[in-house]
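Which parts are buried, how do the chains meet, and how do the helices and strands pack?

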Amino acid sequence: MKAKIYVTLKRGVLDPQGKAIRASLSHLGIDGVEDVRVGKFMEVTLKEVGVDEARRLLDEACRRLLANTVIEEYRIEIGG
Amino acid sequence: MKTAVLVFPGSNCDHDAYHALKHVVGVEAEFVWHKQATLDGFDAVVIPGGFTYGDYLRSGAMAKLSPVMGAVRRFAEGGGPVIGICNGFQILLEADLLPGAMIVNDSLRFVCDYVHLRACTDRTPFTRGIPDGSVLRIPVAHYQGNYYADESTLSSLEERGQVVFRYCDPEGEVTKESNPNGSARNIAGICNEAGNVLGMMPHPERCAEEAMGSADGRRLFDAMVAWLGEKRG
Amino acid sequence: MKEKPVTPELAREHGLSAEEYGTVLGILGRTPSLTELGIFSVMWSEHCSYKSSRIHLKKFPTKGARVLQGPGENAGIVDIGDGLAVVFKMESHNHPSFIEPYQGAATGVGGILRDVFTMGARPIASLNSLRFGRPDHPRTRYLVSGVVSGIAGYGNCIGVPTVGGEVSFDECYDGNILVNAFTLGVVRHERIWLGTAAGVGNPVIYVGSKTGRDGIHGATMASGEFDEKSEEKRPTVQVGAPFTEKLLLEACLELMRTDAIVGIQDMGAAGLTSSSFEMASRGGTGFLMDLDRVPQREEGMTPYELMLSESQERMLIVAKKGREDEVREIFEKWDLDVSVIGEVAGDGIGRVRWHGKTVAEIPIAALTDKAPLYDRPAVRPEGQDALQGLDPAGLPVPSDLGETWVRLLSGSELADKKWVYRQYDHMIRTNTLILPGSDAAVLRVKGTRKGIALSVDCNSRYCYLDPFVGGMIAVCEGARNVACSGAEPIGLSDCLNFGNPEKPEVMWQFRSAIEGMAKACETLGIPVVSGNVSFYNETMGRGIHPTPAVAMVGLLEDASKRRVQWFSTDGDLILLAGADRLGVHLGGSLYLKEVHGKVAGTPPPIDLAHEKRLLEFLREAAEADLVASAHDLAEGGFACALAESCVSGPGSAMGARVINPFPETIRPDFAMFSECQGVVLLSCAPAKRDALLDLARRFRITMRELGVVGGEFVDVEGLARVGAAELRTVWSEGFASTLGLEG
């Protein structure tokens, strides 16, 4: 079973990388981009477990390691 | 009197901390491998700088899981002095021994340079005898030294005297220009509520001798020795 | 699995000429397997075999009382006394850095670090020499940012300070940037390890990262020019993992404290192939390797891929039979792959097996002895005389000399490089006594009173105009830089960056530069103990200036005697050492190029006997505490050396008031900006003046008193005067503003 985890900076936390990227896009002539936030994407391959169990253990993984909940939030997508 | 210098995979400044403690200040020091789960017999703990686990995932994120961190937690709860320098500070933050988090420098570049720090409290073992307003010249070397905490945490830190160092100009003025990384409120170092655990981004072990260009860093280690000496009484 | 059949066409695609392929057939007595073809093609590539350069490299003096190891091993080793030695080398990573600047530069740093610690030395400092195209070329900013980040990313993570270097820009590098990385380590004599496979039956052990498909044919990429198809070569750039290398470094140093091993070598260019064949060649032995035992990151790797992969962070170890477990334990502690993949054989054959079959069987001595050796034709370019023609009188005089002075100081060549070195951790390991910004970096050697001085230099314009003189100057400037810091030059490593050696003009440049360098080295008594050749730095047929970068290593017996290049005290006297060497020399000067848009003329003349006395004088002057600062004249001439002495220190700018050292009849701009060799700007406390002049007389160095440190201006009487603070500001901001970088 595969899962996708998206870890992003919380609203309100300054994202200097996102700001710099937005500026670079503008220099490239790609206008119309209002904001960019940079995060992390992880692809996790799980051993055979039920969807509920998968969600539970990935949630624990995020809280304890994969995301720093002081500054980051996470979203889990099972399957796909 | 014996200091533990922790060594994780990727620690770099362990040798520098050991040298400063043992050969400059003259305190017994020992390397402690991260897999060791006890810190019995040690009077102080130094978590040195470096790139533990390559800074993978987040700086300090993986080091916090090492067995030795459990011992550090117990040691800290017992009131022993703990100093986390640079990556060591990041590890303390990730391990929840100090509040807040580090994000990337606002310049998006690594910065290695001397900065000035204003001492803000003398209640930690490492700032004992360093009065408020003292200006110290100590170098930084980091890519993720931009300290962040939400507004209520920051206010709480201020109120409880947990801000230990702020970036300042040579005269001690806390200014935007003197901030090398964008840290909230120019914060360079903080301590826990009890005041025995200090985390700081600048490197005092790099300036403990005049030959290095500044000996201000030595004051933190001398303070620690004096504090321990008094405790033994 | 059936391998592709080997044909002469396939051999040519692999970079082997018809003649070289003929030699292969002669050695094997049959058609090679695909794997064997791969092995020959990388071992006989320019990068690995030095086939076009070996014949000339022999001209370097490589021996000396202090030399413990000259060229031929992974790095050179020079004794520094007290049972200690320094291990160092410089290497290029030019082509990969142009294609992928961050990873190209990063893996260049990784590679040279391994070359040093494989000899048993913990690396204590790195330097680099970087060349980019025009500052306003569309790609330059991107390349500068990428390369500097890459060097920082790798060096900082592994914890070795980057303490110095040079950054230079010229149109000739538009399509071919140069990234030369240097590392130095310290080792005890009895703890030196060599890359030798000895002892029949001893196990051959692979340690480090798993092998993937990275960089296959990286060695051949370095042996060919760029053309329109260069973008396609992208997959051949390796990705570095400095954390893994840090673990590898610690594990290797831990292993080297035991006596469980016989030889060790890193897997660099041509990976497993070069390390195994070179170690066996040095040991006069052979080996049997089973590729099935190689830790692999990808599925279905062929023996060809396994032998040629340039995956980073891997080492090959020959251990003592029976000690395999000790090796295994150490590498497992550091979470690294470790696998016994073969053993040393006594028959001089390199045998490789895979899936039960022998896929390569090559006599090692023949592979080395019959490696192509070329004496390529060298012809002085027809246009060289015209190039050397220069009539300075015809140059227009600048209307405002002060403005010209500011312009040179704030330009990309002379401006403060702090934008660059602030990104490098240059303090870690608490050994850096003189931080970046002076003529040479100086490090302490803990446990002794000694200091090591380091600098890296090359004036490529001089080498373009006259490669022989340019080569001499490259060596002399490096030696002078370390002598200015108070050190005695004890050895050098070089990176010889040139165009296509199949062109007779390039070969002439190469041969001449080496001959010039060799002459200087012989006279000054400085051995060349290691180095690297990078050919084919050409794009669309247009080559770079000859750029023989020289990394000079100096020794201070007492590190407390070190000197910096900047003035420190108001009231100190300013003197010129070597004043008789002053003359009007504009050939190849920065002034001629930046202000008049010309690269022409001949480099300034150089007197090697004078240089030798000057080096000794500088060292004794520092030793006897007679000078406060020393800074040699280089690009920008007297006026820029003076300005640099005023503004480059860590505090605020110092002022200076001096007389014009040239006769009044000399045109003002020529006096300010002529470039001379063998002239040094000194400052000293007034009380030391007499003793300093006495010492200079003893060494037959002509001294001239010029003036005094102090005041708010940098003032050359009768010529120009600029505010010191203003000069410092433009010098500090010049680099970022010229390149359009964020400050």
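Helix H16 of chain C spans residues 401-409, and its buried residues are Leu401(C), Thr404(C), Trp405(C), Val406(C), Leu408(C) and Leu409(C). A residue is called buried if 20 or more other C-beta atoms, placed from the backbone, lie within 10 Å of its own, exposed if there are 12 or fewer, and partly exposed in between. Helices (H or I, at least four residues) and strands (E, at least two) are DSSP runs, numbered from the N terminus. The cover over the buried residues of H16(C) includes helix H21 (590-596), helix H23 (637-647), helix H24 (668-673), strand E28 (720-723) and helix H26 (724-739) of chain C.

This is a predicted model, in which local features need pLDDT of at least 70 and side-chain atom pairs count only at pLDDT 80 or more, while totals for chains, interfaces and linings use all residues. Residues are numbered from 1 along each chain as its sequence is written, and chains are lettered from A and ligands numbered from 1 in the order in which they are written.

Leu409(C) also belongs to the largest nonpolar core, where it is among the residues with the most contacts, together with Val45(B), Val87(C), Val475(C), Leu642(C), Cys646(C) and Leu727(C). A nonpolar core is a set of buried Ala, Val, Leu, Ile, Met, Phe, Trp, Tyr and Cys residues joined through C-beta atoms within 7 Å. This core has 336 residues, and its largest share, eleven residues, is given by helix H20 (residues 504-524) of chain C. Leaving aside residues up to four places away in sequence, Cys646(C) touches Phe567(C), Ala653(C), Met654(C), Gly655(C), Ala656(C), Val714(C), Ala724(C) and Leu727(C). Contact here is defined by C-beta atoms, placed from the backbone, within 7 Å.

Strands of a sheet pair through backbone hydrogen bonds, either parallel or antiparallel; two strands count as paired if DSSP finds at least two bridges between them.

Both senses of pairing can be followed in chain B. Strand E3 (residues 44-47) and strand E4 (residues 82-85) of chain B are paired in the parallel sense over three bridges, and Val45(B) stands opposite Val82(B) in E4(B). E6(B) and E7(B) run antiparallel and are joined by eight bridges. In that pair, Val111(B) has His142(B) of E7(B) as its bridge partner. E7(B) is largely enclosed by the rest of the structure, because six of its eight residues are buried.

Axes are lines fitted to C-alpha atoms, for helices over the stretch in contact, and angles run from 0 to 180 degrees between N-to-C directions.

Two helices of chain B also pack on each other: H1(B) and helix H5 (residues 218-232) of chain B meet at an angle of about 70 degrees, with their axes 11 Å apart. H1(B) is therefore roughly perpendicular to H5(B), a term for angles of 65 to 115 degrees. H1(B) contributes Ala20(B), Leu21(B), Val24(B) and Val25(B) to the contact, and H5(B) contributes Arg218(B), Phe221(B), Asp222(B) and Val225(B).

Where do the chains meet? Of the two pairs of chains in contact, chains B and C share the most contacts, with 21 residues of chain B against 20 residues of chain C. On the chain B side, helix H1 (14-25), strand E6 (111-119) and strand E7 (135-142) give two or more residues each. Eight residues of chain A are in contact with ten residues of chain B, and helix H1 (residues 16-27) of chain A gives the largest share of the chain A side, three residues. Chains A and C do not touch, and their nearest C-alpha atoms are 11 Å apart.

Definitions and conventions
Angles under 35 degrees count as roughly parallel, over 145 as roughly antiparallel, 65 to 115 as roughly perpendicular and the rest as oblique.
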